[in-house]
Amino acid sequence: MTEPSLTVAVIDPSPARAAILEEGLAAAGIARVVILPDTADLSARVAALNPDVVVIHVESPSRDILEQMSGLSRHVERPVAMFVDRSDVPMMQAAVDAGISAYVVDGLHPQRIRSILDVAILRFNAFARLQRELLEARGELADRKLIERAKGILMTAKGMPEEEAYRLMRRKAMNEKRKIADIARAIVTAADLLG
Amino acid sequence: MRLALGYVPLVDAAALIVAVEGGFAAEEGLRIDLVRESSWATLRDKLALGLLDGAHMLAPLAIASALGISGPETRLAVPLGLNLNGNAVTVSRPLWSAMDPGSEDLDIVARAFGRVARDRAGQGRPLTLGTVHPFSSHTYQLGLFAARGGLDLEAAVRMVVIPPPRIAEALQAGHIDGFCVGSPWNGLAVEAGYGRIAAFGCEIAPDCPEKVLALPADAAASVGLVRAVSRAGRWCADPRNHDDLALLLASPHHLGIAPALVRRALAGTVVVDADGTRREAPDFVSFGVAVERPRIAQVDWFLERMAAAGQITLTPALTERARALYRPDLYDGAIG
């Protein structure tokens, strides 16, 4: 997809996600991608930029601002319309699931907006996956720290070496069909309570 | 049965929130996840795509959604109204000073507004007013307020949509000169020192239908849900419950504001300026049995307003389609 003549505006409460989408659209050959700040004067900014397509995150409160620009009022400088293609409900569902809504200037060919939406959905889903992985990684790190602390408590309380403390927790976890981190949490909590 | 219901954090979502958190829905065997939405457009689209099983919705937006003139055309049913009234017109302090009506009387205030708006339009710097969505009673109340002051709103004033949480900021920054919004946002703009409440919605259009419960037309759970929301609405209407209701609505996972602001809106004792001037309006926002049954006359009123605002061209076929959205029969079947 090379779209040297198109201008796409991106509005997203998350600057990181907006940057990922900007990069994705630029890589797909969109000539001009502009991230607009999600502020109260958005309609003036959109009017000044004069984009062909506005891609906006569905959780942005500014979506309603764009609704006003949809030609239902006689005072709109630059009418846009929400991109709704009734023949393509799965596409719209995928877009909303990924967190995307798009507004297009009247007259733009549906195929062109569809390829922009494809890129946006891919990028947003990738971002969500990254975020999930980051959360999981943080959780794992917290678990490891917890296990280290529990190991230390056992070593002190029972005078056992490190490997044995770990083996003890692992055996307990296997017998009770729980995670080692859960056993470690119980030990740490108990130790905190017993002081 | 488990349902996801959408709402926008406003005082008039009370009946829906209480239906869930007050246990009325559980009594009907319903497990409900309340989903807070940050825009009406997203709430409408999620309802259209089946991502929500029902919603707290601007009555005219439900009509526009069913007609396919706002978002995808959606088969909806409105079995119950959630409230009447609740909005107010707030202007910036400089605009109020220029209006200088010297009275709270609606006609005098509206004429003062009309005079300033005409002056400004004549100087090529028209006033800018904020509303919450093109298809909202707020938009139409601004039109009626202007008309009362002898002004054609569309001709003389620039209209913009501002998300309610940003409205006080927009007023302070001078992006807008005034707005019409629901509770608690007028009170918040007054509290912040930037706004002056000029008129109550219940004065501009008495008994104005505001939010409705909108469900997919084929919703299986509607009987129990309507019963639960109706009982919750009656609970919300009882002044003895207003302290509890204010605390619930004000909590961080709903509105996230000071409970006193909600309490005043519920009581109809509204602080209108930074000096603490209070005005009483018993109908400032109404819940309960008197507001619930959806009436076809309400659809007709909105269609008339939409046509006056240039949003639709009225035809008998369109009127018929819009009227089919309101389902007093479902209400009677559930409450009867």
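Predicted model: local features only at pLDDT ≥ 70, side-chain atom pairs only at ≥ 80, totals over all residues.

Let me begin on chain B, with the face of helix α13(B) that is turned away from its buried side, where the exposed residues Asp243(B) and Leu247(B) sit. A residue is called buried if 20 or more other C-beta atoms lie within 10 Å of its own, exposed if 12 or fewer do, and partly exposed in between, with the C-beta atoms placed from the backbone. Helices (H or I, at least four residues) and strands (E, at least two) are DSSP runs, numbered from the N terminus.

Residues are numbered from 1 along each chain as its sequence is written, and chains are lettered from A and ligands numbered from 1 in the order in which they are written.

Back to α13(B), which covers residues 242-250: here Leu245(B), Ala246(B), Leu248(B) and Leu249(B) are buried. Why do they count as being on the same side of α13(B)? They do because they cover an arc of only 165 degrees around the axis, the arc being that of the directions from the helix axis to the C-beta atoms.

The buried residues of α6(B) include Val109(B), Phe113(B), Gly114(B) and Val116(B), and what covers its buried residues includes α5 (93-99), α7 (137-148), α8 (153-156) and β10 (195-200) of chain B. Just after α6(B) comes Gly124(B), with a positive phi of about 75 degrees.

Let me now step back to the domains. Chain B is divided into domain 1 (2-85 + 210-265 + 282-335) and domain 2 (87-204), with bounds that come from an automatic or database domain assignment. Their centres, taken over C-alpha atoms, are separated by 25 Å. The contact between them takes 27 residues from domain 1 of chain B and 20 residues from domain 2 of chain B, where two residues are in contact if their C-beta atoms, placed from the backbone, lie within 7 Å.

How many residues of chain B are in contact with chain A? There are 29 of them, in contact with 24 residues of chain A. On the side of chain B that touches chain A, α3 (40-48), β8 (158-161) and α9 (167-173) of chain B are the elements that give two or more residues, and α3(B) gives the most, with 5 residues.

Turning to chain A, its secondary structure comes to 7 helices and 5 strands, which follow the pattern β-α-β-α-β-α-β-α-β-α-α-α along the sequence. Buried residues make up 34% of the 195 residues in this chain A.

Next, the core: of the 158 residues in the largest nonpolar core, Val55(A) and Ala62(B) touch the most other members. Such a core is a set of buried Ala, Val, Leu, Ile, Met, Phe, Trp, Tyr and Cys residues joined through C-beta atoms within 7 Å. The largest share of this core, 8 residues, comes from α12(B). A second, separate core of 8 residues includes Ile147(A), Ala150(A), Met169(A) and Ile187(A).

I will finish with some backbone details. The peptide bond from Ser183(B) to Pro184(B) is cis, with omega near 10 degrees, and Pro184(B) lies in the loop between β9 (178-182) and α10 (185-191) of chain B. In chain A, Asn50(A) has a positive phi of about 60 degrees although it is not a glycine; Asn50(A) is in the loop between α2 (42-49) and β3 (53-57) of chain A, and it counts as exposed because it has 11 C-beta neighbours inside 10 Å.
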